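Here is a friendly walk through one protein chain, from its overall build down to a few individual residues. Please have a look at the sequence and the model before reading on.

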Amino acid sequence: MKLELRGITKRFGSLVANDHIDLVVEPGEILCLLGENGAGKSTLMNVLYGLYQAEEGEILLDDVPQVFRGPGDAMRAGIGMVHQHFMLIPVFTVAENVMLGHEQTKAGGFLDLESARQRVREISDRFGFDIDPDAIVEDLPVGVQQRVEIVKALSRDARVIVFDEPTAVLTPQETDELMDTMRRLRDGGAAIVFITHKLREVREVADRISVIRLGKVVGEAEPTASNQELAALMVGRAVELTVQKEPPRLGPPRLVVDGLSVVDARGQKVVDDVSFEVRGGEVLAVAGVQGNGQTELVEAVLGLQEAAAGSVALDGSALVGRSVRRILDAGVGFVPEDRNEDGLVGTFTIAENLMLDRAQGAPFVRRGTIQRAELASFARERFAEYDVRAPGIDTPVGKLSGGNQQKVVLARELSRDLSLLVAAQPTRGVDVGSIEFIHKRIIATRDSGVPVVVVSTELDEVAALADRILVMYRGRIVGIVPGDTPRDVLGLMMAGESAPAEGAAA
C-alpha cells in the first residue's frame, strides 16, 4: 500500500512542529525519516496515526484521501506503529496483548483466546520470531517484547508500518535482528517508515532517506551518503563526528567503589555488589541497556539513593552517608540523565540556573543576598564560552532547545574545581552539533586530570569517549574492558555474557 503525505502542517500554539511536509513511501520500500530530537519526526507520525490532527494537508493511501480521528481509524486503514516505549501490558500473555482492543468472542460470549494464539504462531513462523503465545510479556527479553509489538501490528493486517525510534532499548545484536525483520517486512510488500537519529542504522537499512530539520523536509539522500553528509543535512553545517583525543595520562585511583549494593522499594537489588575504581585522567564509561542498574549506581554515588551495602570513596574520603549537598561540595560535578527533572529549573533564567548548586555563599550570595553583578558577569562568560544560543542570559532556560539546555548544565558543572565528573546520558535529546561540543568538553575535563564517569546507552558515544568500559547487566558488572572493544563483543556483554579473556576483546 502506497502512503503519501501532502503539505502536512501541525502547530502547537506559535510553534510550527510540522511545516508543509510532503512524503511518499511505496510498497516494498523502507523510508528512513532522519532528524534530531525535536525536529518534528514523531509529531508527523502521530498525525499519520490519528493521535494528532493536522491544521493543513492530507494523508493518502493508494491515492485515496484519508481522515483519521484516532489510532483505531489508522489501524483499520492498514497502518501500524511500533513505538519507542512499548504499548504492552506486562502481566498479560503475548496472545492477550495481541488481541487487546480487537477481542474476538466465541459461543457463549467467551474470549476466543485460541484464535489469538494461532494468529501469533502464524506470524511468528512466517517471520522467524520464535514467540510463545502463552509467555508472560514481562518475562520476555526486551528484543522479544519488541517483536510482540510487531506481531500486534501485523495481526491487524498493517501494510504501512511505522517504527518510531525502535532501537533505544536494544542491544546491538537485537538491533541487527530488528533490521532483518524490517527487510523481511519490506520484501513482503509492506511500506516501512523508520524514524531515527542514528546515522549507522539509517545507512544499514534504508532504501531512501528523508531528512527533517526544524519541522521541514530539508533534503533527500541515498543510503550511500556518508555520516558527515547526513549529519550536515540534519544540523545545517559541517560537523566533526570523530572525537579527537590523546591517550590518557593516568593518575592514581581517585574514585573507589567497593561492594556497592542498592535495593529498590520492592526489596530487589538493582545494584548488586558492584566494585570498580576510576583513575585521574581517564574516562570510565558505564554501558548497558537502559534499566540494568546504571541509574541507581550513579544516584548512589551522588547520595541520591541510599546504599544498602558497600562503600564509595573519593580521594580517600567516604561519600556514602553524606548528604547530596556535601558530596557536591566535595567537588563532584553531576550531569543528570533527565536535565528537565533533575538538572534545571525551566522558569529560572540561564544566569539563575548557572548558580543553582552554588547559592550557599560567595561569590554569588553574601549575607543572604544574590550578588547580581557578580552573577551576570559569570553568566555572560559561560554563555560565550559554551556557545549557548539564546537572546541572552536572562532568557528562561525552559525556552532553550535541548542542546542549549545541556550546555547550561555543563557550563555550571564544569566551571567549578572538580574532583570527579559524573555524566549520565550526557547527549540524550541533543543535536549532532551540540554532541560534538559536549564530547570535546568531557575529554578536556579528563585531560585536566579529573576522573570521569560517563553513563550512556549509546554505544557510539561509549566508544568515542571511553578509556575503559564497564558493562552492567541486571545490576551486576559483567566485565570491565578496554575502550576499543568491538561493539559486537559489547553487545553480547550487554545481554549478560561474560567478558572475554584478557586480550581477546581487541
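## About the model

This is a predicted model, in which local features need pLDDT of at least 70 and side-chain atom pairs count only at pLDDT 80 or more, while totals for chains, interfaces and linings use all residues. Residues are numbered from 1 along each chain as its sequence is written, and side-chain values use heavy atoms, with hydrogens and water left out.

## Overall build

The chain holds 17 helices and 22 strands; these are DSSP runs numbered from the N terminus, with helices (H or I) of at least four residues and strands (E) of at least two. Along the principal axes, the C-alpha atoms fill a box of roughly 75 × 50 × 45 Å.

Of the 506 residues, 51% are buried (buried is under 20% relative accessible area, exposed is over 50%, and partly exposed lies in between, with a 1.4 Å probe and protein chains only). Among contacts (heavy atoms within 4.5 Å) between residues at least 6 apart in sequence, 66% join residues at least 24 apart. The accessible surface, from the Shrake-Rupley method with a 1.4 Å probe and, for residues, only the protein chains shown as cover, comes to about 22000 Å². Carbon and sulfur atoms account for 49% of this surface.

In soluble globular proteins, nonpolar side chains tend to be buried together. A nonpolar core here is a set of buried Ala, Val, Leu, Ile, Met, Phe, Trp, Tyr and Cys residues joined through side-chain atoms within 4.5 Å. The largest one has 45 residues, and Val-94, Phe-163, Met-182, Leu-185 and Ile-209 have the most contacts inside it. Helix H5 (residues 142–155) gives the largest share of this core, with 6 residues. A second, separate core has 38 residues, including Ile-350, Val-409, Val-430 and Leu-465.

Which residues does Met-182 contact, leaving aside neighbours within four places in sequence? They are Ile-30, Phe-163, Ile-192, Phe-194 and Val-205.

## Loop residues

Most residues other than glycine have a negative phi. Asp-62, in the loop between E4 and strand E5 (64–66), has a positive phi of about 50 degrees. Because its relative accessibility is 42%, Asp-62 counts as partly exposed. Asp-387 has a positive phi too, near 55 degrees; this residue sits in the loop between helix H13 (372–385) and helix H14 (402–414).

Tyr-386 also belongs to the loop between H13 and H14. Is Tyr-386 buried or exposed? Tyr-386 is buried, with a relative accessible area of 2%. Not counting residues up to four places away in sequence, Tyr-386 touches Lys-407, Leu-410, Ala-411, Leu-414, Phe-437 and Arg-441. Tyr-386 and Phe-437 are 51 residues apart in sequence, yet their C-alpha atoms are 8.3 Å apart in space.

Glu-26 lies in the loop between strand E2 (15–25) and strand E3 (29–34). Glu-26 is partly exposed because its relative accessibility is 35%, and beyond residues up to four places away in sequence it touches Lys-2 and Ala-191.
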